[in-house]
Amino acid sequence: MNAVRADPDSIITAIDHFCKQTEWAMNVGDEKGAILDLVVMETSPSTVVELGTYCGYSTVRIIKLLPLATKLITVEMNPEYAHVARQVIQHAGLQDKVCMLEGESADLIPKMSDMFGIQVFDLVFLDHWKDCYLPDIRLLEDCGLLAQGLVVLADNVVCPGAPDYLNYVRSNLEYTRLLDGLERSEYQGHRKVDRQTDRQTDRQTEFRLN
């Protein structure tokens, strides 16, 4: 199946077909991708950061749903993946709507505000190294880059799993646990610590989707 140039839906379909028929790839995929689409449409963000570009599949899924003025910053530490992702994004005709950064997320997150003139992000998609989920979400928080009510969507929280991240967001953010492995969380403000108990005191609400 060939992907049609400047047709994001065609490119997504072609990648899904290849992954099902020829070789598995670690994209978010079509089933969880539909949930990602829904979150993007529900939140209608003006600024988005994606940590873990891989081949650009989820980047294309996100940005095709957003208006031209939306800024999407995506970070990929592997230069070979970044090279492929640039080709995919360009083939989709979306290169002018995406800012791709190569390097370690921990090094790049503190620079994003100055680099792009962004005050806060409205949507964060985590799909990189699972042991980076917790330090990176806390770094985004400490850098003041999380908007009140921001949605954080994290993939692969069940397999291979990100237990420390789940423990943190379920103690400090409002969240919806999606049982197929995506975790949706809403940021309600900077964490509040009780000095006597050293425990987080933010409100927690759980919603389950069967």
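Which residue in β2 is the bridge partner of Leu-51? The bridge partner is Val-75. The model is predicted, so local features need pLDDT of at least 70 and side-chain atom pairs count only at pLDDT 80 or more, while totals for chains, interfaces and linings use all residues. Residues are numbered from 1 along each chain as its sequence is written, and side-chain values use heavy atoms, with hydrogens and water left out.

- Helices (H or I, at least four residues) and strands (E, at least two) are DSSP runs, numbered from the N terminus.
- Two strands pair if DSSP finds at least two bridges between them.
- Strand β1 covers residues 47-51 and pairs with β2 in the parallel sense, over five bridges.
- Thr-74 in β2 is the bridge partner of Glu-50.
- Between β1 and β2 the chain passes through helix α3 (residues 57-63), and this β-α-β crossover is right-handed; that is, with the strands pointing away from the viewer, the path from the first strand over the helix to the second runs clockwise.
- Five of the five residues of β1 are buried, so β1 is largely enclosed by the rest of the structure. Buried means under 20% relative accessible area, exposed over 50%, and partly exposed in between (1.4 Å probe, protein chains only).
- Thr-47, Val-49 and Leu-51 point one way from β1, Val-48 and Glu-50 point the other way, and all are buried.
- In strand β2 (residues 71-76), five of the six residues are buried, so β2 too is largely enclosed by the rest of the structure.

**Neighbouring strands**

- β2 also pairs with strand β3 (residues 98-102), in the parallel sense and over five bridges.
- Val-75 stands opposite Leu-101 in β3.
- The chain goes from β2 to β3 through helix α4 (residues 79-91), in a β-α-β crossover that is right-handed.
- β1 pairs with strand β4 (residues 121-126) in the parallel sense, over four bridges.
- In β4, Leu-126 stands opposite Leu-51.

**Largest pocket**

- On a 1 Å grid over the protein atoms alone, a pocket is an open set of points where a 1.4 Å probe fits, with protein on both sides within 12 Å along at least five of seven lines; lining residues have an atom within 4 Å of a point.
- The largest pocket has a volume of about 800 Å³, where volume is the space filled by probe spheres set on the points.
- Its lining has 34 residues, and Met-26, Asn-27, Tyr-54, Asp-127 and Asn-156 lie nearest the centre.
- α1 (8-21), α2 (29-43), α3 and β2 each give two or more residues to this lining.
- α2 gives the most, with four residues.

**Second largest pocket**

- The second largest pocket holds about 280 Å³ of space.
- It is lined by 17 residues, of which Ile-15, Phe-18, Cys-19, Ala-25 and Cys-55 are the closest to its centre.
- The elements that give two or more residues to this lining are α1 and α4.
- α1 gives the most, with five residues.

**Cysteines**

- A disulfide is a pair of cysteine sulfur atoms within 2.5 Å, and by this rule the count is zero.
- The sulfur of Cys-19 is 6.9 Å from the closest cysteine sulfur, in Cys-55, which is too far for a bond.
- Cys-55 is buried, with a relative accessible area of 13%.
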